[in-house]
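Dear colleague,

I am passing on the structure that we talked about, together with some notes on its contacts. Please look through it first and then read on.

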Amino acid sequence: MDDFSQVRKEAARILSEKIVDMVIGFKQGTIPLKSQPMFITSQEDTDKLILDGFCQNNLAVFLHDQPKDKRIGIICRACESRAVRALVIEHQVNRENLYLIGVPCMGILDWKKIQDAADGPVTNAQESGDQILLEIGDKKQVLIRNEFIVDSCRGCGHREPIDVDIQIGEISPIEMNADNLPQTWGESFKSKSADERFQLFTEETERCIRCYACREACPMCYCTECFVDHIAPRWSESMVTPGGTQAWHIIRAFHQTGRCVECGACERACPMDIKMVYLTDKLNDDMKKEYGFEVGENEEKQPPFATITLDDKNRFKY
Amino acid sequence: MMPKLIKKIEFDKTISKWFKSYDVIAPVSSKEGIHFKRIKDPKEIKLDGNQNSIYPPKNVFLPQSEVLFTVKNDNYEMPDQAPRKRIVFGMRPCDARAVWLLDTIFNKADDLDLYWGKRREKALIISVGCASMCSNGFCDTVGSGPFGKDGSDILITELDDAYFVDPLTSAGEALIKSLPEADDTQGKNAKLIQKGSVIKEHQAADLPRIREKLYEAFNTSIWKDVSESCLGCGVCTYLCPTCFCFDIVDEIDRSERVRNWDTCMFRVYSAEASGHNPRPTKAERTRQRIMHKFAYWVDNEAASGCTGCGRCISQCPVNLDIREMVQEITSLKIQ
């Protein structure tokens, strides 16, 4: 975003006019290629706000821990705004206590891929238009930004923040030149046979260390007790075994059916670089096909799998 | 003990010789980066630059999950978990120091953890020092360094065309006794590389002061401030080479008692059966993590429980930086 000062001004305004008690945004990280979520309560700190391709979290996740009656401003890219709506629909937040500042997003960057492509340990990284300018000690290196946009942002069809209180900055198109880029993991997964797909799924999940960073980074994972932590009855094996880990990934994805906002925060949080967005994407595609339901498109409709209606055309079978 | 030499052209041959009597575990390339695993061919070993594994090699001695015993016909059977002798090759000094620290927990003469003890007894650690420090590493500030010796049986310094092999224990010395001796020039070169590896601007952490400051800040709200963006996942602790907390569970279906890694950063870790949780929010859980590393370890072993490997900093999904957190807490002015 070219002129982020307007966002800072707006954040300072809503704090000084006591419209909100806190603003959630991002600040510069302590290491290159990273940023930190930031919780601002005094307007002087709004100067620290930033937004760039290294802001990898979905800020809506931080609403889980906040009291429902606290008035909170939140810098919203499209993903965050969709997550807020989904949380409103599921009665997790009070929309009237939130103030959404909509901002454009040019796609989140894959810091690991950038580090791998760099000629050495990156000591500084800046975005500049369609380039990423790296400093590696005294050396400089330029990368093409689009080549490092994460998979979940590459296919993004929802770039406009929804239901915001104020929109700042214009949404400009991302020139992807998709022809020059390799297929995304999800696309190539779809083109494989069932056996190959299971093989790929197995290879991905076997690296899992059950740190549950995917769960904790997800704006839609808010259960006070996750099924894996449940002791009586026990739904999942305690040991980190291939079977238990596969079960975790499958059940996690299924719980997201028609709820996942497709932000990809889970995948970016994973220290083991495990692909998982392809699972929830497929489930969301099915929801669209079977029920015409899409997360965030409507203010009232509950996710199909979270709804029960008496005139359901399919009866429960037992 | 005389330092030895492995010429780079003879590296594969030397390692291959060990295969006969040892399982060799070494860093290899994997999907997420460097990963320690048992190798069958020395060519798999990846020692490029100063890259360390993402997943710490502590699991060689403390596996993420292990069966402690199985109950069969009223008998308890302990699995034979390390039948062969093992060499852990290419551990970095930060991780070797972590094993040395964990020995104070699991390998006490009067309170031995059988599982850890058996694995340690049958293993040799060959560390490779880091000629330049990794991006987020700060080993030199917490009592170790890129060529720290704690925990290793042998420490290797990479020269241009050879590896300078320095035995640190008698077991290490015995393993390499047939290798040629290094000459004085090679010894000098190795010293130069070791000296040049530290970052001059880094200052040693004043551990007693940090410890004192942490205790002073124990009941303040600073913990809430520094942990506000914490997601409560297990990345920092599972990837930490010295975090050793575990949970013991009975897998009743298989008649097994198992031990799994656990982490103080999970809410359920401290949740009690009554429903009460003595560490109810992220603030208390974060306090536990920081206090354990920089106060309780100092109390018990007069050493920092952090070896400065930097994994928690590189991999934290919200870029919580333990250096910054400690800095913030210790600079707090308490009335």
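How many residue pairs are in polar contact between domain 1 of chain B and domain 2 of chain B? The count is 20 residue pairs, with both residues at pLDDT 80 or more, a polar contact being a pair of N or O atoms within 3.5 Å in which, within protein, one atom must be able to donate a hydrogen and the other to accept it, while residues adjacent in sequence count only if both atoms are side-chain atoms.

Before the rest, please note that this is a predicted model, in which local features need pLDDT of at least 70 and side-chain atom pairs count only at pLDDT 80 or more, whereas totals for chains, interfaces and linings use all residues. Residues are numbered from 1 along each chain as its sequence is written, chains are lettered from A and ligands numbered from 1 in the order in which they are written, and side-chain values use heavy atoms, with hydrogens and water left out.

Within chain B

Chain B is divided into domain 1 (4-196) and domain 2 (207-330), with bounds that come from an automatic or database domain assignment. In chain B, 35 residues of domain 1 are in contact with 35 residues of domain 2, where contact means heavy atoms within 4.5 Å. The two domains of chain B bury about 3100 Å² between them, and carbon and sulfur atoms give 61% of that area; buried area is the accessible area (1.4 Å probe) that two parts lose on being put together, summed over both. On the side of domain 1, B:Lys58, B:Asn136 and B:Phe138 lose the most area to domain 2 of chain B, together 20% of what that side buries.

The rule also finds 3 salt bridges across this domain interface of chain B, a salt bridge being a side-chain nitrogen of Lys or Arg within 4 Å of a carboxyl oxygen of Asp or Glu. B:Asp95 forms a salt bridge with B:Arg311, and their closest N and O atoms are 2.8 Å apart.

Between the chains

Between chain A and chain B, 40 residues of chain A are in contact with 42 residues of chain B. About 3200 Å² is buried between chain A and chain B, with 53% of it on carbon and sulfur atoms, and in chain A the residues that lose the most area to chain B are A:Ile31, A:Ile209 and A:Met239, together 17% of what that side buries. There are 6 salt bridges between chain A and chain B.

With best wishes
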